[in-house]
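The paragraphs below move from a hairpin to its sheet, and then to the helices.

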Amino acid sequence: MSKPHPAWRSWRTARLMTAMLAGAGQAVALADGAGHAQGWLQALCMAVLCSLLLKEGKVSNASKAPWAAFRSGALLGWCFAWAWLSATFWWLYIAMHDFGGMPSWLAVCAVAALAGALAIYYAIACGLWVRWMQGIQGRQWHWKGALSFSALWTLSELLRGQWFTGFPWGAVGYAHVDGWLSGYAPWVGVYGIGALVAGLVMAISMGISGGSGKPPVYATIRSIAAGCLLLISPWAWTHLNGDWTHSAGHAQVRLLQGNIAQDEKFIPGRGIEDALTWYAQRLQDNVAPLVVAPETAIPLLPSRLPQGYWPTLVERYQQAPQQLALVGVPLGSEQQGYSNSVVSLGPKEMASYRYDKHHLVPFGEFIPPLFQWFLGWMNIPLGNFDRGALHQPTLNWQGQRLAPNICYEDLFGEELAAQFAPPANVLFDGLDVTPTVLVNVSNIGWFGDTVAIDQHLNISRMRALELQRPMLRATNTGATAIIDHHGRVQAQLARYTRGELNGTFEGRSGLTPFAWWAGRWGLTPLWVACLLVCFWTTRRRSHQGS
């Protein structure tokens with residue numbers, strides 16, 4: 001076999017580097033230096049990938065065997081996705097190295113390996129797309145290519161978000177939380193927005209490239225017109241029909257941000273004492289009807305707290321019938337197992353509420369099988385929690401129904417939507433028990449003063465859009481914020497400061513389409529739709545090839 005010509009190798013290397021640069025740009029689109037999502041940048045970066053795949057498809061049509069076509073498309077997709085994912089969650093390095101004590105070389109390798117493993121999903125999608133489009137021409141080429149790319153891309157997102165407990169951080173739909181496509185969030189959720197973007201971008205790219213048997217200008221104009229219709233549709237529906245939900249009244253809240261140094265938080269006499277003192281003082285002095293302290297605000301099990309610490313707080317809120325506190329604290333014992341929890345302090349009838357985190361963070365809160373050796377490289381406490389139930393009750397307080405979630409649980413919109421489905425949303429004694437407000441308590445101080453804070457804020461904003469519920473965020477270092485049911489930040493504390501955020505929020509009742517279907521069936525409808533498109537594409541291709 002003859003070796004590739006040097007010019008061919010240089011051209012191929014340039015294309016792979018272009019794919020990686022575009023992937024890194026897509027990471028920036030999720031949250032730029034000012035914390036804003038940039039949907040136009042995400043679409044542009046994906047357009048670069050689509051253009052590269054189309055060029056690869058044309059070369060494959062002329063000269064490549066099926067396996068070679070798949071391999072070349074997969075390599076482009078992997079390079080794009082690896083750069084995108086690495087640049088999206090590079091801050092995991094800080095948790096592993098700065099706070100976990102892992103050697104720097106191993107922390108870098110771990111982040112790169114995680115991104116590389118997750119990029120395989122997108123590599124397979126891009127490889128299959130090039131292979132399926134090989135040899136296809138005619139009038140169906142344009143829209144079939146766009147639909148199949150949208151389906152394959154969305155399947156990749158779903159695989160990343162659900163397999164092996166899921167790690168969907170950085171899904172492309174989050175880049176559109178501020179754009180016109182955000183109007184689709186109450187309909188199809190973040191993955192549906194990603195599917196719309198992927199299909200539209202590929203359609204425009206294919207129109208510009210030609211190959212459908214019609215003039216490129218005609219196909220491009222048609223794709224742009226379809227894109228404009230997609231952009232206008234949610235805006236028009238909202239202005240003609242209003243929100244899917246209605247007001248459940250207003251309430252006041254105080255959100256606490258302790259800014260406890262993460263490298264000292266679990267050290268006796270330093271961070272522990274600081275956390276216990278500051279949060280106890282804020283809880284004792286509280287005058288708001290509702291006060292929320294972040295994840296593990298109290299960093300010790302109640303049984304290990306100083307004598308009288310917890311009973312004093314309990315008694316204080318039992319004597320204040322118009323006040324309620326939600327506090328993040330680890331619970332359990334070595335015999336019973338441990339849980340990452342939120343508990344209530346309030347009147348006696350309200351003081352027994354407890355929420356246990358359901359969706360745990362791999363390595364941070366549980367160790368996957370065969371990875372016990374990995375824990376030995378890190379020095380992070382409380383590394384193995386038990387999982388709470390998916391369906392846990394809301395907390396009724398002053399006309400609102402509070403639904404807590406902890407840290408990155410708000411990445412999983414389908415799990416939050418489960419609280420709106422039967423039997424959770426049935427009426428008991430004529431009373432609606434679905435949440436009117438979501439409460440997220442987090443501590444992402446593990447990742448430093450990085451873009452992780454902005455990314456997580458945009459994730460919470462997307463959940464507010466999907467379910468049309470306000471989101472109250474109490475965090476250790478940021479972003480502590482009040483988000484309304486349209487995903488808009490109403491008030492926010494400066495990150496890495498110690499303080500209290502006082503504000504008012506409006507609870508909401510009613511169901512969005514996303515809450516209705518995702519609450520009942522999870523993401524299964526998206527899986528089925530994408531698989532049907534893929535089946536149809538391969539079936540039609542086999543008929544054309546026969």
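Which residue is the bridge partner of Ala 481 in strand 11? In this predicted model, the partner of Ala 481 is Gln 492, and the pairing to which the two strands belong, that of strand 10 (residues 481–483) with strand 11 (residues 489–492), runs in the antiparallel sense over three bridges. Five residues lie between the strands of this hairpin, in which Gly 487 adopts a positive phi near 80°.

Strand 8 (residues 437–442) and strand 9 (residues 471–475) pair in the parallel sense over five bridges, and here Val 439 stands opposite Leu 472 in strand 9.

Turning to the helices, helix 7 (residues 185–209) packs with helix 13 (residues 451–467) at an angle of about 140°, their axes being 8 Å apart; the two helices are therefore oblique to each other. Helix 7 contributes Ala 185, Pro 186, Gly 189, Val 190 and Ile 193 to the contact, while helix 13 contributes Met 462, Arg 463, Leu 465 and Glu 466; by class, the contact has six nonpolar, one polar and two charged residues.

Helix 5 (residues 104–133), with 30 residues, reaches 43 Å from its first C-alpha to its last, close to the 44 Å expected at 1.5 Å a residue, and has a kink of about 30° centred on Ile 120.

Conventions
Residues numbered from 1 in each chain as written. Predicted model: local features only at pLDDT ≥ 70, side-chain atom pairs only at ≥ 80, totals over all residues. Heavy atoms only, no water. Axes fitted to C-alpha atoms, helices over the stretch in contact; angles between N-to-C directions. Helix = DSSP H or I, 4+ residues; strand = E, 2+ residues; numbered from the N terminus. Parallel < 35°, antiparallel > 145°, perpendicular 65-115°, else oblique. Contact = heavy atoms within 4.5 Å. Nonpolar A, V, L, I, M, F, W, Y, C, P; charged D, E, K, R; others polar. Pairing = 2+ DSSP bridges. Expected span 1.5 Å × (residues − 1). Bend = angle between axes of the 7 residues up to and from the residue.
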